[in-house]
Amino acid sequence: MPQSSSTRRRTSAPKRGLNGAIITAWGGRDLRLRVLARQEVAENFLRLEVDVDGLLDRDEVYPTYWLRLWFTTPTGTGHQRAYTLVDPDPGTGTAWLEFFLHDGIASDWARAARIDDEIDATVLNGKNPVEDSPTHLLMIGDGASYPAIADTLRRRPDLPATVLLERRHGEDPHTMPVPVRETAAVRWLDPGEEIAEVALEAAAAAPPGTRFFVALEGAPTRRITSGLRKQLGTPKSAVHSLAYWKGR
Ligand SMILES: Cc1cc2nc3c(=O)[nH]c(=O)nc-3n(C[C@H](O)[C@H](O)[C@H](O)COP(=O)(O)OP(=O)(O)OC[C@H]3O[C@@H](n4cnc5c(N)ncnc54)[C@H](O)[C@@H]3O)c2cc1C
């Protein structure tokens with residue numbers, strides 16, 4: 001019997017084109033996520049619980065672990081964007097996706113997502129920044145990397161940390177709480193503040209053995225990464241840096 005429009009499952013499984021072929025050639029593994037629950041935290045922040053298609057039995061979903069999600073453009077082609085899996089629960093085979101919302105196809109998909117909606121995803125991602133238990137973490141991010149940063153702090157309460165986050169909306173610090181503990185210093189910067197300068201000052205004062213996690217828009221990510229390497233002589237292995245989004 002055909003499903004009624006209210007119960008029909010929406011599935012984002014677009015044509016992936018060359019981008020998809022390259023990711024497959026590099027060893028990307030496919031899965032399909034299914035939405036199980038939806039939490040509207042604020043107008044600009046939404047959480048979706050997803051079934052991760054057995055991923056937690058096959059892979060170590062370490063803090064900052066991310067997937068490539070295949071959103072669909074109005075013409076049916078693939079719009080691939082990265083999202084972080086947080087709070088993975090191997091007992092139920094589920095995790096959460098957290099969307100810092102703005103204009104965009106991925107954000108629009110999340111706004112409209114309902115229980116049982118599905119979306120294709122591919123695993124081809126980075127490295128665990130806390131695998132070898134650094135002495136200290138300096139994490140620099142914004143709304144897009146908040147899920148990765150807060151999840152790392154939740155899952156590694158043993159690691160002393162300094163967190164710098166760029167605020168876009170006044171209420172961001174309330175919408176996006178970072179775990180509070182004696183060994184973690186958290187500072188939210190206003191949009192006008194020069195996050196690269198503040199980050200490099202913090203990096204210069206960081207204890208030996210610090211691991212640096214830098215995940216902002218492209219320009220400040222490049223500026224901080226270059227400052228860490230060239231100005232401060234930080235070894236490449238201590239820097240986990242990736243532009244999380246591109247401004248236009
Ligand atoms: C490894 C990795 C993990 C990520 N994890 C998350 C996550 O868990 N949660 C999350 O919300 N994002 C995350 N991001 C960022 C997300 O992939 C991008 O923000 C993406 O561009 C959103 O796609 P879109 O289709 O909504 O917008 P796009 O089509 O890419 O862009 C549309 C417009 O929105 C602007 N824009 C895009 N991203 C942002 C932003 N973050 N803030 C303000 N303006 C923006 C663009 O400049 C453009 O003008 C992650 C990125 C990476 C690389």
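Cores, rings and a patch in a predicted model

Biologist: What makes the largest nonpolar core, and which residues have the most contacts inside it?

Modeller: The largest nonpolar core has 28 residues, and those with the most contacts inside it are L33, L55, L67, L69, L85, F99 and W109. A nonpolar core is a set of buried Ala, Val, Leu, Ile, Met, Phe, Trp, Tyr and Cys residues joined through side-chain atoms within 4.5 Å. At least two residues of this core come from each of strand 2 (29–42), strand 3 (45–51), helix 2 (55–58), strand 4 (66–72), strand 5 (78–89), strand 6 (94–100), helix 3 (105–112) and strand 7 (118–123). Helices (H or I, at least four residues) and strands (E, at least two) are DSSP runs, numbered from the N terminus. Another core, of 20 residues, lies apart from it and includes A150, L159, V178 and F213.

This is a predicted model, in which local features need pLDDT of at least 70 and side-chain atom pairs count only at pLDDT 80 or more, while totals for chains, interfaces and linings use all residues. Residues are numbered from 1 along each chain as its sequence is written, and side-chain values use heavy atoms, with hydrogens and water left out.

Biologist: Why is W26 called exposed?

Modeller: Exposed means over 50% relative accessible area, buried under 20%, and partly exposed in between (1.4 Å probe, protein chains only). W26 has 62%, so W26 is exposed. W26 sits in the loop between helix 1 (17–25) and strand 2.

Biologist: Why does F45 count as buried?

Modeller: The relative accessibility of F45 is 2%, so F45 counts as buried. Y146 has a relative accessible area of 4% and is therefore buried.

Biologist: What kind of aromatic pair do F45 and Y146 form?

Modeller: Rings of Phe, Tyr and Trp (its six-membered ring) pair if their centres lie within 6.5 Å; planes under 30 degrees apart count as stacked, over 60 as edge-to-face and the rest as tilted. By this rule the count comes to seven aromatic pairs. F45 and Y146 are 5.7 Å centre to centre with 75 degrees between the planes, an edge-to-face pair. This pair links distant parts of the chain, with F45 in strand 3 and Y146 in helix 4 (residues 146–155), 101 residues apart.

Biologist: Why is the pair of F71 and Y83 edge-to-face?

Modeller: The ring centres of F71 and Y83 are 5.9 Å apart and the planes stand at 75 degrees, so this pair is edge-to-face. Both F71 and Y83 are buried. One aromatic cluster is formed by F71, Y83, F99 and W109.
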